[in-house]
Amino acid sequence: MHRGAGQAFLLGRKMAASGAGPQILVQYLVLRKDLSQAPFSWPSGALVAQACHAATAALHIHRDHPHTVAYLQELGRMRKVVLEAPDETTLKDLAETLQQKNIDHMLWLEQPENIATCIALRPYPKEEVNQYLKKFRLFK
């Protein structure tokens, strides 16, 4: 059995016993939109890479959390939502809020420049984190 699979099984049994359906887990990412615009003008591939780095790091750091274990057990059913932050200040403000509210996340810093580019949350039921993300729109 995969490491942590027992925790995910117990989480599923607990939800089934309470009459609730299986929890839908979502991994939210918030990516800086301004990096795609002048004066930065990063190519699309570089922005996608930042989101991938942040998502991978968040999953790795929180790999033993029951929600992450459950999320990774059904690879074909993973859900990600990529939102946009207008600038670095907004992204860092969100990171501070998430930290204060004990929401597990990873603020990705591109090196060696030390530029905050993306926040990835570990997988969460969306109703647990919507209040912190509702002001952000889908990344375009």
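I looked for aromatic pairs and counted zero; rings of Phe, Tyr and Trp (its six-membered ring) pair if their centres lie within 6.5 Å. The model is predicted, with local features requiring pLDDT of at least 70 and side-chain atom pairs pLDDT 80 or more, while totals for chains, interfaces and linings use all residues. Residues are numbered from 1 along each chain as its sequence is written, and side-chain values use heavy atoms, without hydrogens and water.

I next looked up charges over rings (NZ of Lys or CZ of Arg within 6 Å of the ring centre and within 35 degrees of the ring normal). The charged end of R32 lies over the ring of F40, 5.5 Å from its centre. For K33, the ring is that of F139, and the distance to its centre is 4.9 Å.

I then turned to strands (DSSP runs of E, at least two residues, numbered from the N terminus) and their pairing, which needs at least two DSSP bridges. Strand β2 (residues 80-85) pairs with β1 (residues 25-32) in the parallel sense over six bridges; V30 has L83 in β2 as its bridge partner. With β6 (residues 137-138), β2 pairs in the antiparallel sense over two bridges, and E84 stands opposite R137 there.

Finally, I examined the surface. L72, L75 and M78 form a nonpolar patch with about 250 Å² of accessible area together (Shrake-Rupley method, 1.4 Å probe). Such patches join nonpolar side chains within 5 Å, from residues with over 30% relative accessible area and no salt bridge (Lys or Arg side-chain nitrogen within 4 Å of an Asp or Glu carboxyl oxygen). L72 is placed in helix α3 (residues 66-73), helices being DSSP runs of H or I with at least four residues. I recorded L72 as partly exposed because its relative accessibility is 33%, between the limits of under 20% for buried and over 50% for exposed.

Note on methods. Patch = residues over 30% accessible without salt bridge, like charges linked within 9 Å, V, L, I, M, F, W, Y side chains within 5 Å. Buried < 20%, exposed > 50% of the residue type's maximum accessible area, 1.4 Å probe, protein only. Phe/Tyr/Trp six-rings, centres within 6.5 Å; stacked < 30°, edge-to-face > 60°.
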